[in-house]
Each structure stands twice: as C-alpha cells, then as structure tokens.
Amino acid sequence: MIADVPILLPPSEGKTTPQEGPVLDLSALAFAAELTAARQTVMAELAQVSATDQAAQVLGLGPRSAADAALNTVLPTAPCAPAYRLYTGVLFEAAGLAQHFASALTAQVANREVLVLSGLWGVLRSGDLVPDHRAAMGVRLPRLGRLAGFWRPQLAGLLDRHCADQVVVDCRSADYAAAWQPSQGVCELLRVRVVTEQDGRRKVVSHHAKHSRGLLAGALLTALERGEGALDSPQAVAQVATGLEAVSGVELGRPDRQGRQDLTLVLA
C-alpha cells in the first residue's frame, strides 16, 4: 500500500479570477465541520475592512492591486473555481496541478495529498471550490489580529490528527508555516529549503525556491499516482527530489525534537 504524503503549499499571490462557476459552499470545503465557523468569522471581518478606505493598507496591497480589495466584499456570491486553477503563481505552475486533475484517478491522489494553507480559509484541499480573494496569512485585521495567529489554535489539533505518523512535505513560506507546526512526535515534517551554491557559498533563493518546491510537489504526486514505491520515509522523498530539474544535490538535515528536519535542494 502506498503511504500518504501530505504536501503543504502556500497559496499564490498570482490568481486567475473565475468568470463563471458555482457560488461558495462552505459546507463542501475541506474540514468543514471543524473550520466553517472560523471561516465565517474571517470572511465577515475581511468584508468589513475591505469596504473601507484603509483596505489596501490593511491587506498589504500596492497601488496597482488596491482595487482588488473589493473581491473580499462579494465572497458569498462570487463565482468559484478549484484552488488549483485559482492559484496561478510560480509554485502552482511548476507543480502542474491541472495535469494531475486530468483524470479521476490522478485527481483523487492530488486532492488527497495537497493541502493549501490560506489566510482566509485556514486550509484547503487543492480541488476545493473558492472565489478570488485577497487575504495573506501575514495580514493583521483590526479585531482578529494577525491571521496566522488566528488560525494557529484552529489548525493545531486538526492538522496534528490529519498528519499523524506520516511524512509531511512542507513547501510553505514563513507566514504560512507560522499557522501550524506539528506537536512533538506527531509526524516527520520535511521543510523544503532551496539554495544556490557559488564559489563555496550558499544563498537562499526566492523565485527559484517556489519553482523548485512546485516541481517537487508535482514529482511526488506523479510517484504516488504511478505506485512507484512507498514514500514513507524522508529518504524516499529525498530520492524523488534528486531527479528534479536543475537540482545538483539533495541533503537531509537532522530532525529536531519536534520531528522537523530540513530537506535542502541545492541548485546548480
């Protein structure tokens, strides 16, 4: 039996606004029983803030995207699309999630394994239907405070239970990683780091990190879909990473007391 490998992704800033589609059904989203009330709370304050003159400042939107705050005021009635289509940034493009949803069998794997952390929704499955929105995890709302802090107690027990005794591949950025970290001994969390190496010195990269993390997510899904072997250890995940484009080295760090360890991809 192939082991599950939860893959944690951040959402992307780049989104494609759905022009048509069903309206939001909170009861159909992942973990609806546990998170619907919290999602409604964030939606309500986000809509209120987004209707004010301070919306762009609160949401961290620049002059070109300030008008996008209005998206948050029509969430219940706006058309929805699957998260893997809504998010169109570098990481999602590299992961090729749309290809993994091309058939019923591969879609089942992608929808099961990929979890998207979200400032608005807490956590989504990649096939969940949601409207376009603007609510990064680092946003600080007047009443709820920083969204990462709001979601932390909501996600703590939920994701601990969901990820228990599994190898979890963490492709999140810092703001989204702050919303959930596993309790001690719950799982083996592989934090994916991407560095370049020149003249014996290593440098953490941003754009290329998103691309490489996306490639890793896609490669892991492909391995699971093909039943190529159990990805039930950090070493097995690292082996998949060795075949990624432009990766010249893969290193596993030592686990800390929480069971977290770094999976470092060294780019050529």
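This is a predicted model: local features need pLDDT of at least 70, side-chain atom pairs count only at pLDDT 80 or more; totals for chains, interfaces and linings use all residues.

I looked up A246 first: with a relative accessible area of 46%, A246 counts as partly exposed (buried is under 20% relative accessible area, exposed is over 50%, partly exposed is in between, with a 1.4 Å probe and protein chains only). A246 sits in the loop between α10 (234-241) and β11; helices here are DSSP runs of H or I with at least four residues, strands are runs of E with at least two, and both are numbered from the N terminus. Its phi is positive, near 70°, and A246 is not a glycine.

Residues are numbered from 1 along each chain as its sequence is written, and side-chain values use heavy atoms, with hydrogens and water left out.

Next I checked D165, another non-glycine with a positive phi, about 65°. D165 is in the loop between α7 and β8 (167-170). Buried or exposed? D165 counts as exposed because its relative accessibility is 72%.

Then I went to strand β12 (residues 260-267). Seven of its eight residues are buried, so β12 is largely enclosed by the rest of the structure. Which way do its partners run? Strand β9 (residues 188-198) runs parallel to β12, with eight bridges, and V194 stands opposite L265. Strand β11 (residues 247-252) runs antiparallel to β12, with five bridges; there I found G249 opposite V266. For pairing, DSSP has to find at least two bridges between two strands.

E113 was my next stop, in helix α6 (residues 104-113). E113 counts as buried because its relative accessibility is 1%. What does the side chain of E113 reach? I found the backbone nitrogen of V5 at 2.8 Å, and a polar contact of 2.9 Å to the side chain of R112. A polar contact is a pair of N or O atoms within 3.5 Å; within protein, one must be able to donate a hydrogen and the other to accept it, and residues adjacent in sequence count only if both atoms are side-chain atoms. Leaving out residues up to four places away in sequence, E113 touches D4, V5, P6, I7, L221 and L224 (contact means heavy atoms within 4.5 Å).

Last, I looked at helix α1 (residues 32-50). Its buried residues include A32, L35, R39, V42, L46 and V49. Among the elements covering them I noted α2 (55-59), β4 (122-125) and α7 (147-163).
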